[in-house]
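Here is a short note for a colleague meeting this structure for the first time. Please read the points with the sequence and the model side by side.

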Amino acid sequence: MDWKNILVLVSFILNTLLGLMFYFRAPKKKAYLAFTVTILGIVGWCLTMFLYRISSAGSALYWGRLLYFFPTIIPAGFVIFGLYFPDEKVSKKLVAFIVGLNVLMATLCLAPGAVVRNVVVPSVGEKIIQFGWAYYFLYIFYIPLLFGFSYWVLFRKYRKGSPLVRQQILYILLGLTGASGIGMTTNLVLPTFGNFEYNWLGQVFLFIWVGCASYAIIKHRLVNIRLVVARAVSYVLLLFSLTVFYVFALFSLGTVFYGRVVGRGEIVVNVLLTVTIAFTVYPLRKYLEKITDKIFFKDRYDMEDLLSGLSRSLSSTLVLGELCGNLLKGLLTGMKIDKGVMVILKEGKIVEVYGRGREFSEELIRKVLKGRVEYLLGSSGQPLVYDELAEGRRKRLLEELGYYVSQKLQVKDRVMGVLLLGMKLSGDIYSSRDIEVVDIVAPQASVAIENAFSYEEIRRFSETLKLEVKKATTDLSRTNRKLREVSALKDEFVSLASHELRTPMTAIGGSISTILDGYTGKITQKSREFLEAAYNENARLIRLVNNLLNISRIEAGRLKYDYSEFDLVLIIKEVMENLLSQAKEKGLVLKSKVGKGSVLVRADKDKVREILVNLVGNGIKYTKKGTVTVGLSEKKGKVVCEVADTGIGMGKEEIKKLFKKFSRLDGSRMEAGGTGLGLYICRVLVTGMKEKIWVESTKEKGSRFFFSMRKAKGI
Ligand code: ADP
């Protein structure tokens, strides 16, 4: 055998394996089924290539036709795969159209003279195929067009697919590009121009596709590989042994009984038939069994199917009623039983009764079972079956209830309930399989019931919790409302009191200042000192009262801004003049670095004054010796006012606490007295004017407070 044939054969075997993998995955998904068909086309194509190449002149035409027949399936199957992949609904008409087209093309391939007209066997080199009209008019368009369409379909899915789907499509398309590109060149394009030298290459290059698709499968979860490989191997073995047996039988029967030699072609056809039978026997049997079961009402059911269906339905809900309903429904329809009941118990007492099927009466069951439930429980945990019970109260109770099987539902030593089942619709007795099913389902059902109980408990608990929270919230909001009222009253009082205090204090300040200025006659040095002290204390009091007033306005939301354009330098001078004597009292120097000219800003003048009084006041308060300097600068189109001192300063952590209500810092500076309101007010006023306030400070070195203002438009 020449090496080309060996390569073709290897490709055939690999593709068969891949086809089998998909075959086992296919039943539930149309996409995979279509892909299996595609691979079948490839497998057929490889096999016919092999047979075509070894065929004699007599049968070459026959294999030549098949050689063009199989490739018609490949793109058609692949397009349908592409349409369904990964899990999509597809227009049935489109699929039918593609199938129809394929059938037409395939028929033409088999028809004499249409696609393959004749095969010429030269003495050396590859056989030469002479093509018919259908090849030139249809075939050479059919294959590339369908491949092109499948590319388009898959490419669109690639673009909007999930990452996993994209990976899978990528590998499948990559493989396909290699395989179909080469396949179409060697087996379609070249032959069209009479070159048949490389027509075996197409089959061999299907390796690429096989390789890529397998990679996609293993690496990207196209199918569950271990299971599939295991099944595929067992199936291949089965096929192999069947084929060997069959071929052997054919040979021996032929020679021994009929004394004739079986031809090669006949063997191939028979082998193909064997393979087809092996593929189809199992699904066909299942299908027919299902139908006959239905028709004859036979008592057969697939235990595995029933059990997996039941456990799925048990885990699908946490609501007790639904759970029992699902379980009964599954058991009754699966095992073909006329009726069933689930009695749910809690601490030996019946809490719920769920029934299904014929003549269910909750009332009757409750009545009959009253005080007698424990008879049904049995001791072993095995189902109690009416026909197997000895005469006695258990049997009588089941008879009274009209049920035939009773199964205790138990988790560890807690009894969750009893499952009662009626008669089998066929009239048969319960088989050991039936009892096994009940036995297997019972523990699962018990756990599910327990879960449902816990769920119900949690649900109820959360309901109570919700109510409690609601009540607490109502209480809280009532208290909150009261507190607000009291707080509003307090604010009003503070506001009134401050107002009342401010007027006399301003008057006191005025009077003292008049005396100090010498308008009332000469005063002694001693009196001056006392009067100055009185004046400063009074000024501090005024500042405090002003801050209280501001706070009450802020709290009541009564802060209003009255913007105007004014000269900031004048305000700074005014504030410094007012605070001069306080600075002097502590031996501090008050400096201003505001330049010669005026600096016009647009802001609320009174608010700016308040801010300055507070900042400069703090500078004086928190500085033991040195200077307090007020400066002006311009930054990013804003006027920035800076109040710097050489006082006690603050650390980083302390700075973070500033500008909050009542934020007085550590005890060491408490001796300076204060309320912790000044900076808070400054911040509210500055941000109220949509500007910024900030601070830079080093402990023991001094602080620099800044705030920004808008330039007046006039500048
Ligand atoms: P008060 O001065 O009434 O305590 P403030 O809100 O004006 O309240 O200031 C808050 C705190 O910030 C002060 O208690 C003080 O500890 C600190 N502080 C304010 N200004 C300065 C400053 N210039 N230097 C050092 N610490 C300061």
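1. Strands here are DSSP runs (E) of at least two residues, helices are runs (H or I) of at least four residues, and both are numbered from the N terminus. This is a predicted model, in which local features need pLDDT of at least 70, side-chain atom pairs count only at pLDDT 80 or more, and totals for chains, interfaces and linings use all residues. Residues are numbered from 1 along each chain as its sequence is written, and side-chain values use heavy atoms, with hydrogens and water left out.

2. What does β2 pair with? Its partner is strand β1 (residues 116-120), in the antiparallel sense, over four bridges. Two strands count as paired if DSSP finds at least two bridges between them. Opposite Ile-128 in β2 stands Val-120.

3. Now the start of the chain. Ile-6, Val-10, Ile-13, Leu-14 and Leu-17 make a nonpolar surface patch of about 380 Å². Patch residues have over 30% relative accessible area and no salt bridge; nonpolar side chains (Val, Leu, Ile, Met, Phe, Trp, Tyr) are joined within 5 Å, like charges within 9 Å. Areas come from the Shrake-Rupley method with a 1.4 Å probe, and for residues only the protein chains shown count as cover. Val-10 is found in helix α1 (residues 3-25). Val-10 counts as partly exposed because its relative accessibility is 36%. The cut-offs are: buried under 20% relative accessible area, exposed over 50%, partly exposed in between.

4. Two lysines deserve a look. Lys-412 is not a glycine, yet its phi is positive, near 50 degrees. Lys-412 sits in the loop between β6 (405-411) and β7 (414-421). With a relative accessible area of 76%, Lys-412 is exposed. Lys-636 also has a positive phi, about 50 degrees, without being a glycine. Its place is the loop between β11 (627-635) and β12 (638-645). Lys-636 is exposed, at a relative accessible area of 86%.

5. How many salt bridges are there? The count comes to 26, where a salt bridge is a side-chain nitrogen of Lys or Arg within 4 Å of a carboxyl oxygen of Asp or Glu. One of them joins Arg-609 and Asp-606, at 2.9 Å from N to O. Both residues lie in helix α18 (residues 605-621), three residues apart, about one turn of the helix. Arg-609 is partly exposed at 23% relative accessibility. Asp-606 is partly exposed too, with a relative accessible area of 46%.

6. Arg-710 forms a salt bridge with Glu-691, with the closest N and O atoms 3.6 Å apart. This pair links distant parts of the chain, 19 residues apart: Arg-710 is in strand β14 (residues 702-711), Glu-691 in the loop between α20 (678-688) and β13 (693-698). Is each partner buried or partly exposed? Arg-710 is partly exposed, at 32% relative accessible area, whereas Glu-691 is buried, at 8%.

7. Glu-696 and Arg-704 form a further salt bridge, their closest N and O atoms being 3.4 Å apart. Glu-696 is partly exposed at 38% relative accessibility, and Arg-704 is partly exposed at 36%. Elsewhere, salt bridges with shared partners join Glu-456, Arg-459, Arg-460, Glu-463 and Lys-466 into one network.

Methods: Buried < 20%, exposed > 50% of the residue type's maximum accessible area, 1.4 Å probe, protein only.
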